[in-house]
Amino acid sequence: MARPMSLRVQLILLQVSIVLATVVIAGVTSAWNKERQVREAYKDRMVSVAESIAAMPTILEAYESDDPAETIQPIAEVIREASNVTYVVVTDAAGIRYSHPVASRIGKRVSTDPSVPLSGEMYVGTQTGTLGESWRVKVPVFADDEVIGTVSVGILESELDEALVSDITELVIVLAIAASLGVLGAAWATRVIRRRIYSLEPDEIAALLETRDAMLHGIREGIVAVDDGQRMALVNDEARRLLDLDPDERYVGRPASEVLEPDMLELVAQGDVDEKLLLAGHRALIVRSDSVAVEGGPTAVVLIVRDHTHLHEMLRELEGAQSLAEGLRAQAHEFSNQLHVISGLIELGRTEEAIAFIERTGGGVALHADHAHPGILDIEVSALLISLDARARERAITLEIDPSSSLRDLADDHDSRLDVLTVIGNLVENAFDACALGGTVSISIREPDGCVIEVTDDGDGVPDGLAGSVFDTGVTTKTDADGRRGIGLALVRRIAVRHGGDVELISEPGAGATFTVRLPQLADAPVVGGTR
């Protein structure tokens, strides 16, 4: 199989072909224009000479003499030599010559048709006479408004060709120099281009681009690149998914301010940032910003985006499982103590006291019950409430579930279930943090229109200075040691807005806080209620 022509050879051949084609076209056009210019110049000269002779008084007087040729021939020859034409022929009305470069032809009739000038008109054209093919002008000679003869001035076509060849030779030399410079320029441009593309061949460039696209669009992290002009340079498939961008829209080349959210634009402006937790739509994202620069080229900022939402959910589930396990261990320890008490009472013969003790301690609700509340029919929400209840008891906090709470089974609506779990988990965890030992957290879940979740605590409340901004990203009342606080409430508000609702905060310093989240667009379904 023949080796394909290298890019260097292709570029040189292409550019040389363009240069040569341009030079040839320019040369042909210039030669054509030059030929026209030469003919027009000789025409103007011959017309001027012919009209001057036809109007000379000496020539007109010679027509009335017995031998006009004796006067006209010397004058015609002087003018012919001075004007650098081939011949000047003066005739009478019958076409008999009075002058000619060859003296022996004087007195003879002209060899070409003189009818046009004898009719009073000027003739310009090419004819073949006694001297050969020539470019000639014929004008009438008037005396008292009557044509009495003609004047013919011409130059041989061979002499015109010689003059044209002389001019074209200079043109060819100039065009040859231009073509040589063009070829040298093509070789230099090819070398520069090859250096710019690292001497790669087209198939190598295509393979690199295909590999790059496959890598960028196949990795599980979002990649966003913004150039030094604050325009989008790259958005891979994962970044489109995480940032809720249209998968079919073309974002490359658009201003970054039209595509990215303000928090991300701030990271772009900062340049190098290790990791920061941001919200994009309803997702919590971990974003790292790096400034990159190509040698001799512009600087760009690359954002590496990872989805923290699922990680956050898994961590919360893990914490819930740990809390449940710790609660079970505490309950097992409590049951062991109760068994020791019952055993001691039986050994002491205090049977009635043992029975009474069993009745007093047997009314609790086990942690492995099918539902945390009879009105909460969604098993995952119920499991979350059981886990939160175990954590509350571990922290000496009372978690109260409103007896009128109700929530349908969201098994067929995974996104809505995930949103409800996120809202409950974030609000209740924040309420636990706000409560002191012995505090109380109340939660109510209702479905009058969509879903309404209300969480109340008896902690210190939200400070007046934060009440207006507590739902903004990064705002928190806790110690922000790792930069990943201030996300929960912002995420809750975004979920509420996405479902057509909002979050309401009622708080007084020292009197606790109540957060009410309304999700009107949660999928409609029959409302199931119950009491505890």
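The points below begin with the chain as a whole and then turn to its sheets and helices.

1. Basis of the note. This is a predicted model, in which local features need pLDDT of at least 70 and side-chain atom pairs count only at pLDDT 80 or more, while totals for chains, interfaces and linings use all residues. Residues are numbered from 1 along each chain as its sequence is written, and side-chain values use heavy atoms, with hydrogens and water left out.

2. The chain overall. The protein chain has 13 helices and 14 strands; helices (H or I, at least four residues) and strands (E, at least two) are DSSP runs, numbered from the N terminus. Of its 532 residues, 39% are buried, meaning under 20% relative accessible area with a 1.4 Å probe, protein chains only.

3. The four-stranded sheet. An open, antiparallel sheet has the strand order β1-β4-β3-β2; two strands pair if DSSP finds at least two bridges between them. β1 (87-92) and β2 (123-129) each have a single partner strand, so one side of each lacks a neighbour in the sheet. Within this sheet, β3 (residues 132-143) and β4 (residues 146-156) are joined in the antiparallel sense by 10 bridges, and Ser134 stands opposite Leu156 in β4.

4. A helix on that sheet. Helix α1 (residues 7-55) packs on the sheet and touches β1, β2, β3 and β4, with its direction at about 35° to that of β3. Contact here means heavy atoms within 4.5 Å; angles run from 0 to 180 degrees between N-to-C directions, and axes are lines fitted to C-alpha atoms, for helices over the stretch in contact.

5. The five-stranded sheet. Strands β12 (residues 451-457) and β14 (residues 513-519) pair in the antiparallel sense over seven bridges, and Val517 in β14 is the bridge partner of Ile453.

6. The axes of α11 (residues 379-394) and α12 (residues 414-434) come within 10 Å and cross at roughly 10°. The two helices are therefore roughly parallel to each other, a term for angles under 35 degrees. Residues of α11 including Leu384, Leu385 and Leu388 meet residues of α12 including Leu421, Ile424 and Val428.

How values were computed
Parallel < 35°, antiparallel > 145°, perpendicular 65-115°, else oblique. Buried < 20%, exposed > 50% of the residue type's maximum accessible area, 1.4 Å probe, protein only.
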